[in-house]
Amino acid sequence: MELDSIYTELISEHSRSKEHKHHLECPNMSLKGRNPSCGDEITLELQVEDGYIKDASFVGIGCAISQASTSIMIDLIKGESVAKARHLANLFLRMIKREELTEDEEEELDEAFALKNISNMPARVKCAVLSWHTLEEAFKEVEGKH
């Protein structure tokens with residue numbers, strides 16, 4: 001029961017947080033993500049320099065889970081290398097697909113690990129992975145331009 005309340009509090013706190021919910025002044029990457037099944041929409045904005053995510057933010061609308069997952073993701077990737085951000089996205093998506101993660105991998109996900117039980121709620125999975133898929137797509141788009 002205690003884990004449930006921590007999970008609920010974390011989702012609630014991050015979904016209401018405005019820390020990462022704004023437009024960046026000078027993003028050099030911007031990509032829209034949309035979940036047509038429930039109407040969640042985000043625009044992920046990144047400032048990537050020398051292979052590092054210097055800044056990140058998002059704007060958009062959606063349920064508490066999509067907003068919280070996006071906020072948590074930005075906490076994790078901001079200041080990290082693109083390679084590390086991709087690695088974290090891969091871990092998160094593996095976790096949501098119920099693949100086994102090592103203890104170290106679970107620790108790497110930090111607060112995002114609290115979203116693990118969403119994998120038991122099929123209708124909510126798309127909400128949780130929206131920002132992570134959008135991040136992956138943003139990096140794929142950049143690779144395609146080089």
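This report covers the sheet, a helix packed on it, and the nonpolar core of a predicted model.

## Basis

Residues are numbered from 1 along each chain as its sequence is written. In this predicted model, local features need pLDDT of at least 70, side-chain atom pairs count only at pLDDT 80 or more, and totals for chains, interfaces and linings use all residues, while side-chain values use heavy atoms, without hydrogens and water.

## The sheet

Three strands make an open sheet, ordered E1-E2-E3, with antiparallel pairing. Strands (E, at least two residues) and helices (H or I, at least four) are DSSP runs, numbered from the N terminus. Two strands pair if DSSP finds at least two bridges between them.

E1 (29–35) and E3 (52–61) are the edge strands, each with a single partner, so one side of each lacks a neighbour in the sheet. On average, neighbouring strands are turned by 20° against each other, direction ignored. Seven antiparallel bridges join E1 to E2 (residues 40–49). Arg-34 has Glu-41 in E2 as its bridge partner.

## The packed helix

Helix H2 (residues 64–77) packs on the sheet and touches E2 and E3. Contact means heavy atoms within 4.5 Å. The direction of H2 makes about 170° with that of E3. Axes are lines fitted to C-alpha atoms, for helices over the stretch in contact; angles run from 0 to 180 degrees between N-to-C directions.

## The core

The largest nonpolar core has 41 residues. Such a core is a set of buried Ala, Val, Leu, Ile, Met, Phe, Trp, Tyr and Cys residues joined through side-chain atoms within 4.5 Å. Buried means under 20% relative accessible area (1.4 Å probe, protein chains only). H3 supplies the largest share, nine residues.

Leu-46 is among the residues that touch the most other members. Beyond its neighbours within four places in sequence, Leu-46 has contacts including Ile-53, Leu-135 and Phe-139.

Conventions
Buried means under 20% relative accessible area, exposed over 50%, partly exposed in between (1.4 Å probe, protein chains only).
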